[in-house]
Structure formats: structure tokens, C-alpha cells
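Please read it alongside the sequence and structure shown here.

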Amino acid sequence: MAATVGFSAAVVMAWFAGEARITRLFAQLQVLQSQPPVWLEVPMVAAQYLVAPTVLLLLVAYAITRVSPRPQPWSRCVVVGILLALVTRYLVWRCLSTLNLASPLEGTLSLGLLGMELFGLTTSIIQLVLLLWVRDRRAQADQLEQTVASGQYQPWVDVFIPTYDEPAFILRRTIIGCQAMSYPRKTIYLLDDTRRPEIKALAVDLGCEYITRPDNAHAKAGNLNHAIGQVQGELIASFDADFVPTRNFLCRTVGFFQSPRVGLVQTPQSFYNADPIARNLGLEGVLTPEEEVFYRQIQPMRDGVGSVVCSGTSFVARRSALEHTGGFVTESLSEDYFTSVRLAAQGNDVIYLDEKLSAGLAAEDIAAHATQRLRWARGTLQAFFIDSNPLTIPGLTPLQRLGHLEGLLHWFSSIPRIGFLLMPLAYSFLGVIPIQATTPEILYYFVPYYLVQLTVFGWLNERSRSALLSDIYSLVLVFPLAATVIKAMVRPFSRGFQVTPKGTSSQRFRFNWKLGWPLVILFGLTAVSLWRNLGLCLMAGWGTDAYLQVRGLTLGWVWSAYNLAMIAVALLILLDVPRPDSHVWFDLRRVIKLSPRIFPPEPGDRPDNLSPPSPRPKTWWGITTLMSEAGVEVSLTQRASPEHPLSVGMAVDLEIAEEAIALEGIITAVSDRDGFPHLRVQFGPPSPASYRALVITLFCRPGQWKSWNSPGELQSIWLLLRVLLWPWRFSGRSPRGVPLVKG
């Protein structure tokens with residue numbers, strides 16, 4: 001890659017030196033490209049023999065993924081070795097045999113495309129190398145948990161909940177969840193950076209400590225640092241205002257601190273609502289959240305080389321280690337990331353436990369999603385301008401720096417991604433063919449690498465994302481991300497901390513034009529490009545140089561068609577669907593006892609001794625199908641009768657049998673399924689004890705946050721075609737959305 005960058009710089013200098021010189025340079029290079037080394041020539045055999053190595057490699061890769069359904073050290077090494085060999089082979093061929101340098105314009109675009117490919121492949125190679133060090137600490141956590149549960153090791157833990165402007169109902173469930181953690185030696189602190197009287201009253205009402213400060217200097221990092229100076233616990237756990245831990249969070253994480261080298265333990269972020277990309281496509285519960293790749297692939301491989309990054313929530317840190325490094329970093333928007341860098345540079349182990357022990361709210365619309373990602377990008381890229389730069393800070397090993405380099409390069413990938421979107425336009429509007437390759441060459445060099453990579457892509461990332469869906473996720477924000485990257489490198493500190501809005505609702509469809517207008521323009525240009533490329537292919541078929549033209553133009557229209565479909569899906573994602581209910585509904589099964597509410601007589605009422613005694617109220621039993629903090633859906637196990645009807649508006653008493661939670665409610669919907677009533681009940685204001693028990697049941701059960709597999713490549717194609725061709729998502733959607741968790 002360095003050689004390519006140097007060569008590209010030489011080309012740029014030649015451009016400034018004059019058109020004649022650049023023309024001569026490209027002419028000389030074109031001669032070299034037309035006469036590649038003998039060992040790069042494709043064997044003179046029939047096409048089926050050229051395909052045979054691909055088929056063999058695919059069978060080997062497929063067999064490994066079946067024999068080892070989850071990557072093991074041996075299977076991961078074999079697959080990574082195959083991919084590294086194939087990508088090296090592809091790169092040599094691509095650099096020495098496929099460039100079109102016939103003219104300055106063609107040469108510049110051809111080299112530009114090669115440079116973009118090299119950037120992406122460099123990141124892929126770094127990831128492949130790091131995958132050889134993947135680490136899983138769950139078995140270690142099982143052993144260490146015993147000493148915590150037995151009381152042999154129970155240091156005092158101060159639990160921080162920093163908040164800025166989150167609604168009280170979100171904070172209430174987080175505080176209750178933190179208090180419910182089954183760890184006796186802890187204190188809960190609500191760190192209110194907006195000094196709201198109602199939040200102070202909430203802390204008093206729930207019985208947790210309340211800390212505020214006179215200003216908002218350094219945003220979240222300043223809030224945390226201010227609190228550190230006021231506590232004495234040996235360990236500090238921190239949860240964002242919307243993240244609720246499971247009861248066993250501290251029991252699973254605290255044990256690691258028995259080693260004095262451990263400075264921080266990070267756990268993955270999981271979410272109890274669908275992210276806006278899945279929701280806007282109507283694929284809730286099918287597409288995994290965007291962060292899954294980071295927490296199921298990237299963090300475990302970084303753990304192996306000591307470059308785990310703090311994610312800002314759901315972590316435990318040693319207070320003395322934080323104080324020794326100066327507290328949370330305040331010189332960047334990504335205080336969590338650079339705090340973990342400093343801890344590691346000071347000789348502390350920053351480790352990752354790949355176990356979902358908490359859950360929070362994903363961004364609730366595409367605008368909030370963009371705000372969050374752009375803040376992450378700007379904050380991470382500030383690394384190049386601060387003392388905590390992981391590439392230069394003293395104390396890190398080369399492997400640790402390599403792990404952080406992969407993370408920094410990730411944000412630059414949006415720029416070549418735009419290049420890949422624009423390159424097919426050169427085929428139709430400029431008449432440029434930037435790649436020269438025959439069909440046998442493609443079969444021999446490109447197809448083996450591409451198909452093997454597709455086969456093992458999801459397997460290597462623990463089934464968290466298919467390659468096709470990864471392309472969609474990268475496309476949605478490609479233009480604002482690229483602009484943010486450029487701005488961050490020019491003016492890294494021009495924008496302050498922006499909080500992601502939470503707890504919102506929406507009553508209508510809304511297209512985000514601010515994010516979407518570049519994609520709308522590109523969609524139109526790509527559609528015209530596809531039409532022109534198809535026409536040029538047909539016309540080229542009648543010419544004398546048909547073979548040369550068609551092999552380039554065919555790639556042009558196929559590429560344009562692919563881009564057009566991807567942009568269309570991205571535009572659908574930018575259309576936010578209604579979210580009238582701000583509550584999260586869970587697919588949770590519990591036994592329910594239901595009975596009509598008996599109202600006490602009004603004062604002054606006299607019993608009528610002449611009237612017959614009222615019949616004993618009927619009791620129904622059923623199973624919940626959906627539950628939330630606001631209500632429940634119940635499928636009764638008994639048929640209704642005329643003597644005991646069920647109707648909308650009926651006041652009922654409801655008991656969740658297993659949890660002994662008593663609630664009051666009103667029936668808001670009644671339907672009949674297979675002869676049995678199906679009810680929707682809206683809860684009335686619960687008692688504090690009942691609400692606390694309900695939150696613990698919904699959010700705090702150990703092991704409740706499960707991972708599921710993302711669709712494979714073929715299923716991803718089918719899903720995206722269905723979204724594009726049958727927009728069923730615009731009718732009949734549940735106002736609650738689809739829950740993600742089964743109980």
C-alpha cells in the first residue's frame with residue numbers, strides 16, 4: 001500500500017509538471033501492464049478447469065464452517081490462512097495486470113480505483129491478522145464468579161448513572177435495575193448534569209444518592225470526574241441513563257479485579273428496541289443491531305492483543321487506576337475510548353467479557369442514529385491531535401497499536417465507499433474503463449477470493465452480519481460520515497458533545513432530507529448511467545473491438561445495477577416509520593390471573609336487603625404474549641361465557657403469578673382466537689413496589705439478552721428484494737413495534 005501511495009504521489013506531481021510528461025509516463029506504464037510477468041498468465045485450459053480451484057476452495061471453506069460451527073483456534077487459523085493467500089494473490093494480479101493506463105484520464109481513474117481497493121483490503125488484512133488472537137473470557141468469568149458469590153472477594157462498588165436531559169421514566173428503570181443487582185456492597189449515584197429538581201426528587205424517591213455540579217465543563221467526562229472525587233469505593237461501575245443491568249452484572253465482572261493488573265472490564269452493549277435501520281425496513285428481530293459486529297467480532301479480537309476500548313457504558317473500572325491516569329479523558333468527545341487507551345498505556349489490563357449483562361435504548365430514529373455515529377467518528381479521529389493518540393502514546397505494544405489502527409482506519413472507509421459509488425458513472429459519462437481483465441483472468445484470480453470471502457464472512461464475525469447487509473449499513477450515512485471525517489481532520493475540535501435523544505415518539509412517516517439528498521441525486525445519476533451502459537454494451541456488440549468494450553462495459557452496468565439497488569434500500573431506511581408508543585414490548589410468557597375489579601361502596605350507600613346477592617366475580621387464567629411497563633397482551637385459557645363477559649373498558653385486577661405482581665388495568669381490546677379470548681390490558685398507575693417488580697421482571701433477568709444470527713448472504717438478497725418489490729411494511733404495522741427478546 002505504501003508503494004501505491006508513493007506511486008500515486010508521483011503521478012500527481014507529473015500532472016503538475018505538464019500534460020506531455022504525464023502522457024509519456026502513462027504510456028510507459030501501459031506497456032508494462034500489457035506485458036505482465038509470465039507467472040501471472042492464466043493457464044491455457046478450458047473454463048471448467050479454471051473454475052475447479054474455486055469449487056475446491058469453496059468446499060473446504062464450507063466444510064470447515066460445518067465441522068466448526070463457531071470459530072475455534074484451529075478452524076480460524078485455517079480460514080484466515082486461506083483468505084490471506086487469496087487476497088495476496090489477487091492484489092499482485094490487480095496491481096500488475098489490470099490497470100488501464102492508455103490515457104491520463106483513464107490512468108488516473110484506474111489508479112484511483114486501485115487505491116480505494118487497497119485501502120479496503122489493508123483494513124481487511126489487519127482484521128484477519130488480529131482474528132488469530134481472538135479471546136473469550138466467559139469460562140474465566142464462571143470461575144471468578146464463585147469467589148464473589150461466596151463473599152471471598154467483594155470490594156465496594158460505586159455505581160454511576162450520568163444523565164444530561166433523559167426523561168425521568170427512563171432514569172427510573174435504570175436506577176431500579178442498578179439497585180436490583182445481586183451484589184450487596186454497592187452504592188448507586190445519579191449524576192445529574194442539568195440540575196433538574198424533578199430528577200433530584202426521583203433520586204430521593206428511589207433511595208439513591210444524587211450528585212450535581214455547578215457547570216457542565218467537559219460534558220460527560222467532566223461529570224464522571226467530578227463524581228470520582230466524591231466517592232471512596234474501590235471499583236466504579238458506570239451505566240448510561242438508558243442502560244439497565246441484569247441482576248448478575250457485578251457478580252460476573254467484579255471477580256476479574258482480583259488481579260491487580262486489571263484496570264477496566266468492558267461488557268457489550270445490547271438493546272431492548274430495534275435500531276432505526278431494522279425498523280424502517282420492517283425487519284425488526286431479523287437484522288441484528290449495527291453494533292453487533294463490533295461486540296461479537298472486533299472487541300474479542302482486540303482483547304487478544306490488549307487493545308479493548310471502553311464503550312462508555314456497562315463497564316467496571318478500578319478507581320485508583322483511573323485516578324492515576326488523570327480520570328476520564330476530557331480532551332476528546334470520545335472520553336471512553338481514550339480513557340481505555342491511557343489505562344492500557346499505564347500498564348493496566350483493559351479486558352472484554354463477551355456476555356450481554358445490560359441493555360439500553362438504540363437510537364430511535366435515523367437522525368438520532370446519525371448524530372450518534374458522527375459524534376463517534378469525530379471523537380475517535382481526534383486521536384491524531386491529542387496526547388492520548390494510541391499510535392504514539394508511550395507504553396503500548398506494536399500489536400496494541402495495530403488493534404487501534406484498525407479502529408481508526410474504519411472511519412476513513414466512507415471516503416473510498418463514495419468512490420465506489422461514483423466509479424460506474426465514469427463508464428457511461430466519461431467513456432472510461434478503469435479495469436482491464438479477461439473472463440479467464442477474473443475466474444482465476446478474482447472469483448476464488450470473492451466467493452470464499454462471502455462463504456466465511458458471517459462465520460468469522462460470529463453470524464452478526466452478512467457482507468451484503470454490511471454494505472447497506474455502510475451506505476446509509478456514507479456522505480455525512482465522509483464529510484465529518486474531512487472536517488475532523490481539518491478542524492477536529494470545532495463541535496462539542498451532542499447528546500443522542502432518547503424516549504421520543506412519532507405519529508407519521510418522515511423522510512430525512514438532510515441525510516437523503518446526496519443519495520437522491522446519486523440514485524438519479526446511477527439510473528441514467530445504468531441505462532447508458534446497457535445501451536453502450538448493445539452498440540459495442542456490433543463493433544470490431546466488441547470484446548474489449550463489452551468486457552469493460554458489462555462490468556459497468558452490473559456495477560451500476562448493484563449500486564442502484566443498494567441506494568434504493570438506503571433511501572427506504574431514511575424514511576422513518578411512525579413510533580406512536582414510546583414503551584418497549586417484550587415477547588415474554590408469564591401466567592396471569594385476571595378478575596373484574598370490585599369497587600368499594602361509595603360513602604352513604606345503603607345495602608339493599610331485598611336485592612339478591614351479586615354473583616361471585618369470575619376469575620380467568622391466561623398466558624401473556626406481550627408485556628411492557630404500560631400494559632400486557634394475554635391469551636386466556638378459558639372461553640368467555642354470557643354470564644361473565646369480557647368487554648372493552650372493563651376494569652380488571654391482574655396478577656402476574658410467578659412474580660407475585662399485583663396490578664390494576666383496563667381492557668382496551670378484545671379479540672377471539674381459536675375460540676379463546678385474547679385481551680390487551682392497559683395498566684393503571686402501579687404502586688412503587690409493583691412497578692419495581694415489573695421493571696426487574698422485564699429488564700433484569702440474568703441471561704435474558706440473547707444474540708441471534710444475522711441472515712446469510714442468500715437470505716439477505718431475498719430480504720432486500722422483498723423490501724424493494726413488496727413494500728408491505730407500510731401497512732398493518734404494530735403500533736408497539738416488534739419485540740426482540742423472548743422470556
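Which helix gives the most to the nonpolar patch? Helix H21 does, with 6 residues. The model is predicted, so local features need pLDDT of at least 70 and side-chain atom pairs count only at pLDDT 80 or more, while totals for chains, interfaces and linings use all residues. Residues are numbered from 1 along each chain as its sequence is written, and side-chain values use heavy atoms, leaving out hydrogens and water.

**Sheet**
- Seen in the order S3-S2-S1-S4-S7-S6-S8, 7 strands form an open sheet with mixed pairing, where strands are DSSP runs of E of at least two residues and helices runs of H or I of at least four, numbered from the N terminus, and pairing requires at least two DSSP bridges.
- Strand S3 (209-211) and strand S8 (349-352) stand at the edges with a single partner strand each, so one side of each lacks a neighbour in the sheet.
- Strand S6 (residues 262-266) runs parallel to S8 and is joined to it by 4 bridges, with Val-265 standing opposite Ile-351 in S8.

**Helices across the sheet**
- Helix H12 (residues 292-305) lies across S6 and S8, at about 150 degrees to S8; contact means heavy atoms within 4.5 Å, and angles, from 0 to 180 degrees, are taken between N-to-C directions of axes fitted to C-alpha atoms, for helices over the stretch in contact.
- Helix H8 (residues 197-206) lies across strand S2 (186-192) and S3, running at about 155 degrees to S3.

**Helix H21**
- Ile-521 is found in helix H21 and is partly exposed, with a relative accessible area of 47%, where buried means under 20%, exposed over 50% and partly exposed in between (1.4 Å probe, protein chains only).
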